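I opened this notebook to record what I looked up in the model, entry by entry. The sequence and structure are placed below for reference.

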Amino acid sequence: MTQRGSCLQEENKTAQFEAIALPHFDAAYNLARWLVRDDHDAEDVVQEAYLRAFRFFGGYRGGDSRSWLLTIVRNTCYTWLQQNRSRELSEPIDDKLDEVGISTENPETILLQTVDAQLVRQALEELPIEFREVLIMREMEDLSYKQISTIGDLPIGTVMSRLARGRKRLRELLASSMRKEALD
Amino acid sequence: MICQESRNLIHPYLDGELDLVRSLEIEAHLKDCQTCAQAYNELRSLHSAVSDTAMRFKPPAALRNRVRSAVRNEGGVMNRSLRLSWRWIIPAVSLAVLVIVALSLLALLSRPSTNDLKAQEIVSSHVRSLMEKHLTDVPSSDQHTVKPWFDGRLDFSPPVKDLASAGFSLVGGRLDYIGNRPVAALVYQHRQHYINVFVWPSTGASDASGRAFVRQGYNLINWSNSGMNYWAISDLNLAELQQFVQLLQKDSAAVRFQIRMSNNAREDHFSVSNLCTESTAHET
């Protein structure tokens, strides 16, 4: 009886976990892939993240399941990067630096409609991870500042300034790669 | 609205994070100011380029199943052990008892590894707090600002002391997460060195004698008293960190302070002279 009871309980837990965590599978993979920048590594990280999430599932108290899962995915990515490619994390950006705003000094407009998706992808991959992650979460996953601040464990003000600086850098990277293309 | 203001607000405006009044102000400004309007359009096209679904990475079809079965395996570990037939129960139980006895003996003989794990977690948190420029959530050298800040954020109230007079100035406090629970992190500075003190309610008995660890070049001291568990970590040398810990402990009741090196190879018990004289007076 007790054997059957705990079997059922365990099956229940797995089913509950799947119902809550699997709908965010695409988002989890996308975030992991953008953070570790490699197909195979992203697959390993996602699997590890789901196993971790399953172990921590007892601590999940309902609420925003996507933020809960993506927090674990992001942490797993950082742990993985620290262990395997710590150089990518070794130069933290300075959040106090004031480069917030929009560049109006450069009148050249980029017509992004005409930009090759490949170029945008390349430019995004070149961004430092701190900017890359907030951009991915905001633009691709459509997460709010509040959610990004929870997932990234950052103050909202930092989320806002990293987004602004990230966009500015992305724009500059794109402009320069487009100029290069035009020359070729 | 002036351009400077609009430049600060244009991102939250684009992201739909502004309140109605501010949004209307920005809209009005964008109608009037061509430079800002152009910048806004650029941001919008940047947004649509990045948010395009072509930009997303799709997981390979097999991965979902792989992850699923990994999770089920993990969940099934307990099941399978429960399905053992009766024939195996008695040997299994005796084996389990043997293993438990052996393990407890081992645990008695060697340093408990939970402390090592905890120490590792403490080091990671310390390093992270310095790395991400995210040292404090509440930057303040006033203990009466830092202590109340934790109210409502934690289910306990950590003791906060300012030791500036002794050269250890309070920098602020931070919420952190250690051992699957939210904890208070108090940040002190001594010359150029930062000290993180992690505090959470302890479950075990009070043990004011400190244990010192060395991990990745950082010195750690762990102790507990008055129902709280403490970990202090810094790149300070051990002697100065000890001095700091003594100051923190100073007017608490349990003051016997001993440092034991966690390295199994050398385990020297030495007590700190001035504290010991104090402690003998207090000790029951």
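**Entry 1: hairpins of chain B.** Which residue takes a positive phi in the hairpin of β6(B) and β7(B)? I worked throughout on a predicted model. I found that S226(B) is the residue, with a positive phi near 45°. This hairpin has 2 residues between its strands. I then turned to the hairpin of β5(B) and β6(B), which has 2 residues between the strands and a positive phi near 50° at Q216(B).

**Entry 2: strand pairing.** I followed the pairing from β5(B) onward. Strand β5 (residues 207-215) of chain B pairs with strand β6 (residues 218-225) of chain B in the antiparallel sense, over 6 bridges. Here I noted A212(B) opposite I221(B) in β6(B). In turn, β6(B) pairs with β7(B), antiparallel, over 7 bridges, and N222(B) stands opposite W231(B) in β7(B). I also looked up strand β4 (residues 193-201) of chain B, which 7 bridges join to β7(B), the two running antiparallel. There the bridge partner of N196(B) is I233(B).

Is strand β7 of chain B mostly covered or uncovered? I found β7 (residues 228-234) mostly covered, as 6 of its 7 residues are buried.

**Entry 3: helix α8 of chain B.** I checked the length of helix α8 (residues 238-249) of chain B. Its 12 residues, at 1.5 Å a residue, should span 16 Å, and the end C-alpha atoms are 16 Å apart, so the two agree. I listed L241(B), Q242(B), F244(B), V245(B), L248(B) and Q249(B) as buried in α8(B). Seen down the axis of α8(B), the buried residues fall within an arc of 160° and therefore line one face of the helix.

**Entry 4: helix α1 of chain B.** I repeated the length check on helix α1 (residues 3-14) of chain B: its 12 residues should span 16 Å at 1.5 Å a residue, and the end C-alpha atoms are 16 Å apart, which agrees. The buried residues of α1(B) are S6(B), I10(B), H11(B) and Y13(B). These fall within an arc of 160° when seen down the axis of α1(B), so they line one face of the helix.

What covers the buried residues of α1(B)? I found that the cover includes α8 (156-183) of chain A, together with α2 (20-32) and α3 (34-51) of chain B. Just after α1(B), I noted a positive phi of about 65° at G16(B).

**Entry 5: nonpolar cores.** I looked up the largest nonpolar core, which has 55 residues. Those with the most contacts inside it are A28(A), L31(A), A32(A), V46(A), A49(A) and V73(A). Helix α2 (residues 25-36) of chain A contributes the largest share of this core, 8 residues. Leaving out residues up to four places away in sequence, V46(A) touches A28(A), Y29(A), A32(A), V73(A), L63(B) and V67(B). I recorded a second, separate core of 34 residues, which includes W149(B), V171(B), V183(B) and Y188(B).

**Entry 6: chain B as a whole.** I counted 9 helices and 9 strands in chain B. Of its 284 residues, 25% count as buried. Among the contacts in chain B with a separation of 6 or more, 52% join residues 24 or more positions apart.

**Entry 7: confidence in chain A.** Chain A averages a pLDDT of 84, and 82% of the residues score at least 70. Over residues 100-105 of chain A the pLDDT is below 50, and this stretch has 14 contacts in the model beyond near neighbours in sequence. Where pLDDT is low, the predicted coordinates should not be read in detail.

Note on methods:
Residues numbered from 1 in each chain as written. Chains lettered and ligands numbered in written order. Predicted model: local features only at pLDDT ≥ 70, side-chain atom pairs only at ≥ 80, totals over all residues. Core = buried A, V, L, I, M, F, W, Y, C linked by C-beta atoms within 7 Å. Buried ≥ 20, exposed ≤ 12 C-beta atoms within 10 Å, placed from the backbone. Helix = DSSP H or I, 4+ residues; strand = E, 2+ residues; numbered from the N terminus. Contact = placed C-beta atoms within 7 Å. Pairing = 2+ DSSP bridges. pLDDT = per-residue confidence, 0-100. Expected span 1.5 Å × (residues − 1). Arc of directions from axis to C-beta.
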